[in-house]
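Please open the model in your viewer and keep the sequence panel beside it. The tour below goes from one selection to the next and says what is found at each stop.

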Amino acid sequence: MAPRVDPVASDETLPARADVVIIGGGIIGSSAALFLAQKGVSVALCEKGHVAGEQSSRNWGWCRKMVRDPRELPLVIESLRIWERMNETVEAETGFRTCGIMYLGETEADLARLESWLEHAREYQLDTHVIGGAEVSQRLTGLGKKWAGALYTPSDGKGEPQMAAPAIAAAARRHGASIIQGCAVRGVETAGGRVCGVMTEKGRIQCQSVVLAGGAWSRLFAGNLGIELPQLKVLGSVMRTEKLDGGPEVSASGGRFGYRKRMDGGYTISTLGVRTIDIVPDSFRLALDYMPAVRVHWKKLRFRFGAKFAEEWRMKRRWSLDEPAPFEAVRTLDPVPDPVILDRARESITDSFPMFRGVKIAESWGGMMDVMPDAIPVISAVDTVPGFFIATGFSGHGFGIGPGAGRLVADMVSGSPPIVDPTPFRLSRFTDGSHPRPHPLAS
Ligand SMILES: Cc1cc2nc3c(=O)[nH]c(=O)nc-3n(C[C@H](O)[C@H](O)[C@H](O)COP(=O)(O)OP(=O)(O)OC[C@H]3O[C@@H](n4cnc5c(N)ncnc54)[C@H](O)[C@@H]3O)c2cc1C
């Protein structure tokens, strides 16, 4: 079942031209549209379904700096600064609140492993620190189980995924951006080797720059342009409870659960790190790129072989711009959640918080994450197609960093000084001999 997402008004007419066309109305595309529009750049955002229909409404809503890959830290620090002012900026409720996030350690060994991330926290003067079991019990109301301790970042926060990207897109529209929903972009047109427009299912838009913020669809889109983006899809499964009074306010994960208290008084619950991977043709094409990540995360992966293989095998990988593209066949990617993951999460959270035992699960959903071999995004110009930019591959943690990433893209496209150094996010890291790998601790 798809979670209900706040609606955003659509522009009915396709503009003949815009300075920048953004492909995808998730948190990344919407944030980029807002920051570009605020700079006075003319923007058209095309979304094949509706704003935040895919990952951006289906995530847990954690906005965290803690236990990030150090390469992401400067950007996520900026992103949290933007989140803190977000409700004011967009003049609407995005659900952002500073609530603190904890990673619980069951044993001293777990705690020591988490503690080793503190060297990165110190480098950026973050407030992340280790707390003992007694303080964990005192801070997490309703906790019934004893934990050895936790890594805790009081300044980390949360947003409401079903409200945030829509509020940002609506603000972009008020600043002059066109938001066209139900409009898949089929491909990019070039003249003299550089971008001159896009072809959508509703017609052509002339433009100087294009930003691909297509989430799980980005590899397919880029591939049709001859750009190799080594991105895979991983299923996350989530449930939402009915309102539950007297539970913890601080978001936390431990054992096989992770949760966030929602604005509606219920909890979003899932399990951190355990993810379902359907074996598809790309699993074989990209096997070598993902070996280092599979070695690091082996215990947390659940591989499945089934109908997805044939489905993706049959999907067109090349098409011309005058014929329907595969994006038009799937308006909203709405995968079925994995019941094994949900059962594990439910069992694990009730083991720690007995108050969750009888609570009714109001709904559950799946979300397809777009991952990269080194689990950090691509936010990059594409040298072979001047005017084409990619902002994708947020690897299961793009909601928190999303506004910062949108700002960085806007800076790059408009030629402004970038908010942070974008070098770690360059596309060429996969071909320049850097051998990108995931950080062993980051999640
Ligand atoms: C279960 C789950 C839990 C998560 N938890 C967290 C969390 O707690 N914290 C966190 O920071 N992150 C989390 N994430 C990750 C986060 O949700 C994503 O990284 C982030 O939402 C990615 O945003 P996006 O805009 O890149 O992609 P999306 O939100 O997927 O948006 C991409 C959009 O592009 C559109 N599109 C694609 N191709 C085309 C085309 N050709 N034409 C027009 N439109 C197109 C799609 O329809 C889609 O709406 C989680 C993800 C999942 C699935």
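**Stop one: a pair on a helix**

Select E311, which is partly exposed, with a relative accessible area of 38%; here buried means under 20% relative accessible area, exposed means over 50%, and partly exposed lies in between, computed with a 1.4 Å probe on protein chains only. The model is predicted, so local features need pLDDT of at least 70 and side-chain atom pairs count only at pLDDT 80 or more, while totals for chains, interfaces and linings use all residues. Residues are numbered from 1 along each chain as its sequence is written, and side-chain values use heavy atoms, with hydrogens and water left out.

A salt bridge is a side-chain nitrogen of Lys or Arg within 4 Å of a carboxyl oxygen of Asp or Glu. Both residues belong to helix α12 (residues 307-314), where they are 3 residues apart, about one turn of the helix; helices (H or I, at least four residues) and strands (E, at least two) are DSSP runs, numbered from the N terminus.

Select R240 and E363 next, whose side chains meet in one of them at 2.8 Å, N to O. This pair links distant parts of the chain, since R240 sits in strand β14 (residues 232-241) and E363 in strand β20 (residues 361-371), 123 residues apart. R240 counts as buried at 18% relative accessibility, and E363 counts as buried at 9%.

Move on to helix α10 (residues 281-285), where R285 and D282 are 3 residues apart and therefore separated by about one helical turn. Their side chains meet in a salt bridge of 2.6 Å, N to O. Which of these two residues is buried, and which is partly exposed? D282 is buried, with a relative accessible area of 12%, whereas R285 is partly exposed, at 38%.

**Stop three: an enclosed strand**

Now select strand β5 (residues 101-105), which is largely enclosed by the rest of the structure because 5 of its 5 residues are buried. Both faces of β5 are covered, with I101, Y103 and G105 buried on one side and M102 and L104 buried on the other.

Display the partners of β5 as well, bearing in mind that two strands pair if DSSP finds at least two bridges between them. With β7, the pairing is antiparallel and runs over 5 bridges, and M102 has Y152 of β7 as its bridge partner. With strand β15 (residues 251-254), β5 pairs in the parallel sense over 3 bridges, and I101 stands opposite S251 there.

Finish at D156, in the loop between β7 (149-153) and β8 (157-158). D156 is buried, with a relative accessible area of 0%. What does the side chain of D156 reach? It reaches the backbone nitrogen of M66, at 3.2 Å. Leaving aside neighbours within four places in sequence, D156 is in contact (heavy atoms within 4.5 Å) with C63, R64, K65, M66, T98, C99, G100 and I101.

Conventions. Polar contact = N/O pair within 3.5 Å; in protein donor to acceptor, adjacent residues only side chain to side chain.
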